[in-house]
Amino acid sequence: MRCIRTATLGVLLLLVPSNWPLGDDSSPCCFCSAAPACSNLLGEETETTTGHLLDSCAPIVEKSLGDACDGSSAASFSVQPEFVRCALLSEPLVWVAFNDGDACAVCPEACALILALQGLALEFGDTASCSQTLLLLIRAFSSLERLELHWLEGSLLKLGLFVDIRKAECAAERRRELEQVVLPAWSGPLRLEGGQGGANIADQVAVLIAATPSMLHVYQPFINLWRCYAWRHGLAFMLETDDTEVSPPHQRAPNWMRWFAARRHLPFYRALLVVDPDEFVVPECWNISIPAVLRAWTADADRWPAPDVAMRDFGRPQTLNNGVVLLRNSPRGVFFLDHLLDKAAWMQTIEKDQGAFDETVLEVLGLEARARGEEGYDSECAKHVFPNARGNHEVALYALCWWRVSERWGGPFGARGSTVIHFADPRLVDVNHVVGARGLAEPAILHHFAGRSKDWNEMLEQFGMSRRATADCRQVYDHVDAMAAQHSCVPGAEVVTECEPPVIVC
């Protein structure tokens, strides 16, 4: 049998018969010396060369990946002396490898090996640290794939399989964490941190919108519209621009800013309506109060208590979205928010905070089921929150899992039963219509232009006002009243039930 030196990971992959187990100790093993290019030092603080690292540790990584793919636990190989030696050797080099240092340009194989080795070696005791190991493994896969060497296919296959294994391990870790969690009992509002204002703060709902300072100019017209909408309905309005929680050293996307702001401000209000800047209330529907639709107030609190969390419901095949959420200042409302914020430490979740939010919804539904004496949620969807080996999120897989589990524990779309979360039926009143292929043709009281690419000027044209005019609420009210006089508000309608093939989520 001829040995071929690959570029690592698997890293010096042997051509072995297909029926040999990936981690078989009896597999023939012959490693060629490192290529001339891989002879540089890995950083100034170490005497280790890339070639030495490849020759001494690549076989260990290959065998460890093979053992893991054959079903062995990480504990079985992470205590082996050879593995420990390589883990210690590579530990000081992980940031050089992660940041594609100069050594990586000369010998990218070695940097991929370091990342894979540390992804295998790092111990984790919670979901957050488990997801951090995923980040290293995915970066290692990406580094190898960029080399485009055909003999690396076996190595990439092993690493890809192991990324899936690690994602399942992260989900299992979350399941163990949830076993220790108990849903708080229902109660009324928490004690409010009030001052001497004229309004009864115990009954005040605030609209909260968050924007990083760098995006204020872009968002400003829509911030103006939300301010006017809040005042029209007697709501408080808050614009949060403190981006401390999403700035270095924190590795968080700006999407998380609104939830950290909500946690700070919720104790001062009855409830918060958390909204995005890339959406607006349809002009002819401005007389409808979104907090009222989401049951911020109830006429009979004893029989129909206000929900702790409220959002638009999403059924198959609708895109999950958290662009409009009501959070009540109650033990369960705070509980939901805290469990969402815990996931800010999870690395690379779907659409930043979106996957974390969706998973929190399932967790709360599962905790309700467990409180009823049922089995509860086992975090089966959590593995799909994280990206695959190529760093891509399999959104359809997560959505399919979410729809199925939410039906199991909450009931069918449009008729879900939960004492914590109110799912507003968009067929009656659509408070968060994500604009898709059909544009604004679908009736709703709010249009949400979610996604990365959008034309902000066109969005403003769709509302029907100039940027300058949005700053004057008197002009805004004149516009929406004129539109309401010309067009009836159609708050909801039948939702899309089938996507254009081959799309699953739309």
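A residue counts as buried when its relative accessible area is under 20%, and Ser379, with a relative accessible area of 1%, is therefore buried. That cut-off is handy for the tour below of this predicted model. Of the 506 residues of the protein, 52% count as buried, and the chain holds 16 helices and 9 strands.

**Overall picture**

- The accessible surface comes to about 22,600 Å², and carbon and sulfur atoms account for 53% of that area.
- Among contacts between residues at least 6 apart in sequence, 73% join residues that are at least 24 apart.

**Aromatic rings**

- The whole structure contains 12 aromatic pairs.
- One of them is formed by Phe280 and Phe463, an edge-to-face pair with 5.3 Å from centre to centre and 75 degrees between the planes.
- This pair links distant parts of the chain, with Phe280 in strand S4 (residues 279–281) and Phe463 in helix H15 (residues 456–463), 183 residues apart.
- Both Phe280 and Phe463 are buried.
- Phe463 also pairs with Trp286: the ring centres are 6.1 Å apart and the planes stand at 55 degrees, so this pair is tilted.
- Here too distant parts of the chain are linked, since Trp286 sits in the loop between S4 and helix H11 (290–293) while Phe463 is in helix H15, 177 residues away.
- Trp286 has 2% relative accessibility and counts as buried; for Phe463 the relative accessibility is 1%.

**Charges over rings**

- Lys343 lies over the face of Trp346, at 5.5 Å from the ring centre.
- Arg416 lies over the face of Phe423, at 5.6 Å from the ring centre.

- The search gives 1 cavity of 30 Å³ or more, and the largest cavity has a volume of about 30 Å³.
- Its lining consists of Leu178, Phe335, His339, Thr360, Glu363, Val364 and Leu367.
- Helix H12 (331–342) and helix H13 (354–371) are the elements that give two or more residues to this lining, and H13 gives the most, with 4 residues.

**Arg264 and its contacts**

- Arg264 is placed in helix H10 (residues 257–265) and is partly exposed, with a relative accessible area of 35%.
- Leaving aside neighbours within four places in sequence, Arg264 is in contact with Glu240, Asp242 and Glu245.

**Backbone points to look at**

- The peptide bond from Pro248 to Pro249 is cis, with omega near 10 degrees, and Pro249 lies in the loop between strand S2 (236–240) and H10.
- The bond from Arg316 to Pro317 is cis as well, with omega near -5 degrees; Pro317 is found in the loop between strand S5 (309–312) and strand S6 (324–328).
- Glu351 is not a glycine, yet has a positive phi of about 45 degrees.
- The place of Glu351 is the loop between H12 and H13, and at 37% relative accessibility Glu351 counts as partly exposed.
- Ser379, the buried residue from the opening, has a positive phi of about 60 degrees although it is not a glycine.
- You will find Ser379 in the loop between H13 and helix H14 (395–410).

How values were computed. Residues are numbered from 1 along each chain as its sequence is written. This is a predicted model: local features need pLDDT of at least 70, side-chain atom pairs count only at pLDDT 80 or more; totals for chains, interfaces and linings use all residues. Side-chain values use heavy atoms; hydrogens and water are left out. Buried means under 20% relative accessible area, exposed over 50%, partly exposed in between (1.4 Å probe, protein chains only). Contact means heavy atoms within 4.5 Å. Accessible areas come from the Shrake-Rupley method with a 1.4 Å probe; for residues, only the protein chains shown count as cover. Rings of Phe, Tyr and Trp (its six-membered ring) pair if their centres lie within 6.5 Å; planes under 30 degrees apart count as stacked, over 60 as edge-to-face and the rest as tilted. A charge sits over a ring if NZ of Lys or CZ of Arg is within 6 Å of the ring centre and within 35 degrees of the ring normal. On a 1 Å grid over the protein atoms alone, a cavity is a set of points where a 1.4 Å probe fits but cannot get out, and a pocket is an open set with protein on both sides within 12 Å along at least five of seven lines; lining residues have an atom within 4 Å of a point. Grid points are joined across faces, edges and corners, and a volume is the space filled by probe spheres set on the points.
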